[in-house]
Amino acid sequence: MRNHIAIAASVLLLYACGAGWASEFADGFETYSAGLGIHGQGGWKGWDNVSSVDGLASNLYAHTDRQSVEIRGSTDLVHEFDLAGGKWVLTAWQYIPSGSSGVTYFILMNTYSDNGPYDWSIQTQYDMTAGTIVPYSGALGEPARIIVDQWVQIKVVIDLDANTFEEYYNDVQIAAGVWDNDAHGTLQAIDLYGNGASPVYYDDIRIDSGATPTPTPSVGFPRPAYDSGWMATPFGSPSQFAVISLKHGLGGNTDDYVVDLQMNVSGIAGPNLTNQGLGTVFSYSYLTTTGIQLAAPFSAVDLVTSLRVRIWVYGSDTSSSPGQPKSE
Ligand SMILES: [Ca+2]
Ligand SMILES: [Ca+2]
């Protein structure tokens with residue numbers, strides 16, 4: 001019974017996680033007036049809340065729909081977040097036109113308030129003159145090359161609990177390491193800094209929970225490790241019991257098995273005359289790590305009995321309380 005409870009609880013947990021799957025932040029820059037600054041809108045502002053270092057909504061390029069944000073040489077555009085702990089995936093689409101020059105910055109701050117304190121975690125330099133990408137820390141391999149004239153995804157996977165990050169450009173990992181040498185355990189701002197360089201464009205900036213994806217609701221209950229499918233019992237006298245021995249070969253420990261056995265009886269009038277539950281005229285026995293034995297009435301021409309057994313395997317643990325989900 002305890003296994004039944006544990007399964008029900010973990011399925012509930014899966015759905016609870018699924019329900020919270022919305023992104024933490026997302027902006028496609030469609031709601032701003034093209035050609036105008038976005039300071040003071042959608043949570044965006046100039047560094048230290050100074051409007052003169054604004055970025056512009058632009059309809060020159062768009063990753064989706066019609067607009068993106070233009071980071072000019074004078075731009076130092078900030079959006080604050082309030083994330084502490086947990087795992088997060090920040091993605092942004094970047095467009096660098098060919099012929100651009102100077103060094104533009106993509107920055108994530110573990111600590112940010114207007115006029116400080118500040119602390120930088122990601123401060124990637126896109127050197128458009130040299131064509132190279134220079135991560136702030138943890139660079140892997142040869143410097144990545146900037147891809148021009150197309151939208152390229154920047155992705156940063158941040159584990160604020162483990163204090164680590166992984167940085168990707170165009171699906172290639174370019175850096176990894178310690179998120180914050182002071183281990184603040186926070187993500188408080190993105191900063192798109194023009195640094196006097198040519199304009200670059202960003203679109204579809206978002207932050208999603210980095211928790212392990214859950215099955216879609218259509219997947220529903222987990223698939224069993226073993227499923228006999230529906231099997232008719234042999235023909236004979238329905239007043240007597242047929243015994244069916246099955247091999248499942250699951251191994252492990254039978255204490256970790258969750259077994260479901262169903263019976264279906266179809267009469268002369270049609271199929272599915274009745275389904276029945278445990279404790280009626282059918283049962284299983286001799287459950288081992290290799291097999292199981294089923295018993296149910298023989299079938300007759302006008303009364304066909306079918307059985308189906310399914311087995312799920314869940315590792316039991318000894319540390320969680322009865323009725324609580326298994327602890328990992
Ligand atoms: Ca857009
Ligand atoms: Ca630091």
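The following dialogue examines the terms used to describe this predicted model.

Trainee: What limits apply to the model, and how are its residues numbered?

Mentor: This is a predicted model, in which local features need pLDDT of at least 70, side-chain atom pairs count only at pLDDT 80 or more, and totals for chains, interfaces and linings use all residues. Residues are numbered from 1 along each chain as its sequence is written, and chains are lettered from A and ligands numbered from 1 in the order in which they are written.

Trainee: What makes a stretch count as a helix or a strand, and how many of them does the protein have?

Mentor: Both are DSSP runs, numbered from the N terminus: helices are H or I with at least four residues, strands are E with at least two. By that rule the protein has 1 helix and 23 strands.

Trainee: Why are E21 and E22 called paired?

Mentor: Two strands pair if DSSP finds at least two bridges between them. One of the bridge partners is Gln293 of E22, which answers to Ser285.

Trainee: What makes E18 and E21 edge strands?

Mentor: The open sheet of 3 strands has the order E18-E22-E21, with antiparallel pairing. Strand E18 (241-247) and strand E21 (283-285) each have a single partner strand, so one side of each is left without a neighbour in the sheet. Neighbouring strands here are turned by 25° against each other on average, direction ignored (axes are lines fitted to C-alpha atoms, for helices over the stretch in contact, and angles run from 0 to 180 degrees between N-to-C directions).

Trainee: Which strands stand at the edges of the sheet of 7 strands?

Mentor: That open, antiparallel sheet has the order E2-E5-E14-E7-E8-E9-E10. Its edge strands are E2 and strand E10 (144-145), each pairing on one side only. Strand E2 (residues 44-46) meets strand E5 (residues 76-84) over 3 bridges in the antiparallel sense, with Lys45 opposite Val78. E5 is also joined by 7 bridges to strand E14 (residues 186-193), again antiparallel, and Ala84 has Thr186 as its bridge partner there.

Trainee: Why is Ala225 called partly exposed?

Mentor: A residue is buried if 20 or more other C-beta atoms lie within 10 Å of its own, exposed if 12 or fewer, and partly exposed in between, with C-beta atoms placed from the backbone. Ala225 has 17 C-beta neighbours inside 10 Å, so it counts as partly exposed. Ala225 lies in the loop between strand E15 (200-209) and strand E16 (226-227). For the protein, buried residues make up 29% of the 328 residues.

Trainee: Which residues does Ala225 touch, and what makes that a contact?

Mentor: A contact requires C-beta atoms, placed from the backbone, within 7 Å of each other. Not counting residues up to four places away in sequence, Ala225 touches Leu250, Ile311, Trp312 and Val313. The C-alpha atoms of Ala225 and Val313 are separated by 6.5 Å, although these residues are 88 residues apart along the chain.

Trainee: What makes a set of residues a nonpolar core?

Mentor: The set must consist of buried Ala, Val, Leu, Ile, Met, Phe, Trp, Tyr and Cys residues joined through C-beta atoms within 7 Å. The largest has 50 residues, and those with the most contacts inside it are Ile107, Leu108, Ile158 and Tyr202. Strand E7 (residues 103-112) gives the most to this core, with 6 residues. A second, separate core of 12 residues includes Ala242, Leu250, Leu307 and Ile311.

Conventions: Two residues are in contact if their C-beta atoms, placed from the backbone, lie within 7 Å.
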